[in-house]
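These are my notebook entries on one structure. I looked up strand pairing, salt bridges, surface and aromatic rings, in that order.

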Amino acid sequence: MSGTPKIRLPPLKALLAFEAASRHGSFSQGAEELGVTPSAVSHHIQQLEDFLGVPLFQRHAGRAVLTSAGRTYAAEIERAFGLISDATHLVAPQSQSGHLVIASGPSFAAKWLQPRISDFLAANPDVKIRLSTLTGHDDLDTTRFDIAIAYGCPPATRGHVEPLLIERMRPLCSPGLAASIGLRMPKDLARATLIHSANALTWVEYLRRVDSNDIRPHHELWFDRSTMAIEAAISGLGVILESEILAAQELSDGKLVAPFTDPRFEVETTSYFLVRSAGSRNRGQIAAFENWLRAAIAPANLAMKTRSPHAPADGTGDAGPSV
């Protein structure tokens with residue numbers, strides 16, 4: 001049975017490297033846009049030349065100039081990429097350039113960022129936002145973004161990372177639960193159900209830090225999202241170890257309370273980190289968003305610094321959660 005012959009295409013990474021290098025007229029500038037090294041771009045273009053059997057660049061004295069074949073190929077590749085861009089825009093217009101792509105852990109996106117993003121848009125009406133979520137640090141290597149808010153410090157191999165937010169972690173629960181089991185000191189947690197979520201600070205570590213590591217809770221529950229854990233605590237299912245950043249609204253509404261008022265039973269940690277994409281073209285929009293973000297977070301960081309005399313806990317390890 002005969003069919004349509006399989007199309008033989010060159011490696012996509014090689015095409016991307018060639019397109020960027022030919023458009024910029026520079027291997028190094030093309031590499032900067034793609035977030036790779038100039039040697040990687042050179043390697044990809046060599047692959048493409050081997051595939052085509054013709055030279056695309058003339059290399060001499062540290063410079064690379066398109067050959068006649070290279071100029072023809074660059075024009076055709078630009079046209080082909082334009083067709084791909086048009087097709088993509090037809091079915092997924094939000095994916096195109098012109099959008100500022102922000103990646104964040106799902107709980108931070110839902111509980112902190114989403115309620116405030118309208119303030120940024122009001123001040124920057126020409127910016128279009130696309131918000132995506134991270135399930136872990138591995139997503140930083142596979143997800144397209146301009147700027148990311150990572151929970152827990154990404155591996156040291158990931159560049160362009162800066163601390164963003166100090167959070168105060170402490171036990172929280174419903175007012176009814178606090179009253180019914182008499183929660184006044186950490187030792188009282190032995191009568192409670194401890195609710196675990198994917199936080200940088202675990203219950204085990206918290207109890208060790210407040211000298212209560214001999215406590216055995218009545219029951220335990222596990223959730224993989226802070227949003228789920230917060231809802232469970234509101235329902236009276238148990239006590240969560242949570243950040244005031246994510247539970248601010250519930251604390252303000254009185255749905256949750258902090259049963260231990262002594263500052264000794266709070267732990268501060270630098271949990272959120274800002275990650276910039278090396279290859280993004282939206283640098284002006286990134287700078288505008290980062291300035292807004294740091295200004296919006298500044299009151300929380302200031303409150304951490306002025307309220308508690310304790311030094312922040314070490315939050316530089318790879319926590320790995322997706323809050």
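**Entry 1: strand β7 and its neighbours**

I started with β7 and strand β8 (residues 219-222), which pair in the parallel sense over four bridges. Two strands count as paired if DSSP finds at least two bridges between them. Helices (H or I, at least four residues) and strands (E, at least two) are DSSP runs, numbered from the N terminus. I note here that this is a predicted model, that local features need pLDDT of at least 70 and side-chain atom pairs pLDDT 80 or more, while totals for chains, interfaces and linings use all residues. Residues are numbered from 1 along each chain as its sequence is written, and side-chain values use heavy atoms, with hydrogens and water left out.

I looked up the bridge partner of Leu194 in β8 and found Glu220. I then checked strand β9 (residues 239-243), which pairs with β7 in the parallel sense over two bridges. In β9, Val239 stands opposite Leu194.

Are the faces of β7 (residues 193-196) covered or open? Both are covered: Thr193 and Ile195 are buried on one side, Leu194 and His196 on the other. Buried means under 20% relative accessible area, exposed over 50%, and partly exposed in between (1.4 Å probe, protein chains only).

Asp211 sits in the loop between α8 and β8. Asp211 is exposed, at 68% relative accessible area.

**Entry 2: salt bridges**

I searched the whole structure and got 18 salt bridges, each a side-chain nitrogen of Lys or Arg within 4 Å of a carboxyl oxygen of Asp or Glu.

I picked Glu32 and Arg283, whose closest N and O atoms are 2.9 Å apart. Glu32 lies in helix α2 (residues 27-34) and Arg283 in helix α11 (residues 283-307), so this pair ties together parts 251 residues apart in sequence. Glu32 is partly exposed at 42% relative accessible area, and Arg283 is partly exposed at 49%.

Lys111 and Glu250 meet at 2.4 Å, N to O. Lys111 belongs to helix α5 (residues 106-123) and Glu250 to helix α10 (residues 248-253), so the pair ties together parts 139 residues apart in sequence. Lys111 is partly exposed at 22% relative accessibility, whereas Glu250 is buried at 8%.

Arg191 and Asp188 form another salt bridge, at 3.2 Å from N to O. Arg191 is partly exposed with a relative accessible area of 43%, while Asp188 is buried with 6%.

Which residues are linked in a network of salt bridges? I found Glu162, Arg276, Glu290 and Arg294.

**Entry 3: a nonpolar patch**

On the surface I noted a nonpolar patch of Leu12, Leu16, Leu34 and Val36, with about 320 Å² of accessible area together. Patches are made of residues with over 30% relative accessible area and no salt bridge; like charges are joined within 9 Å, nonpolar side chains (Val, Leu, Ile, Met, Phe, Trp, Tyr) within 5 Å. The areas come from the Shrake-Rupley method with a 1.4 Å probe, and for residues only the protein chains shown count as cover. Leu16 is in helix α1 (residues 12-24) and is partly exposed at 35% relative accessible area.

**Entry 4: aromatic pairs**

How many aromatic pairs does the structure hold? I counted twelve. Rings of Phe, Tyr and Trp (its six-membered ring) pair if their centres lie within 6.5 Å; planes under 30 degrees apart count as stacked, over 60 as edge-to-face and the rest as tilted.

Phe18 and Phe57 are edge-to-face, 5.9 Å centre to centre with 70° between the planes. The pair links Phe18 in helix α1 with Phe57 in strand β1 (residues 57-60), 39 residues apart. Phe18 is buried at 0% relative accessible area, and Phe57 is buried at 4%.

The ring centres of Phe120 and Trp292 are 5.7 Å apart and their planes are at 55°, so I logged the pair as tilted. Phe120 is in helix α5 and Trp292 in helix α11, 172 residues apart. Both Phe120 and Trp292 are buried.

Finally, I followed the ring pairs and found a cluster of Phe108, Trp112, Phe120, Tyr151, Tyr272, Phe289 and Trp292.
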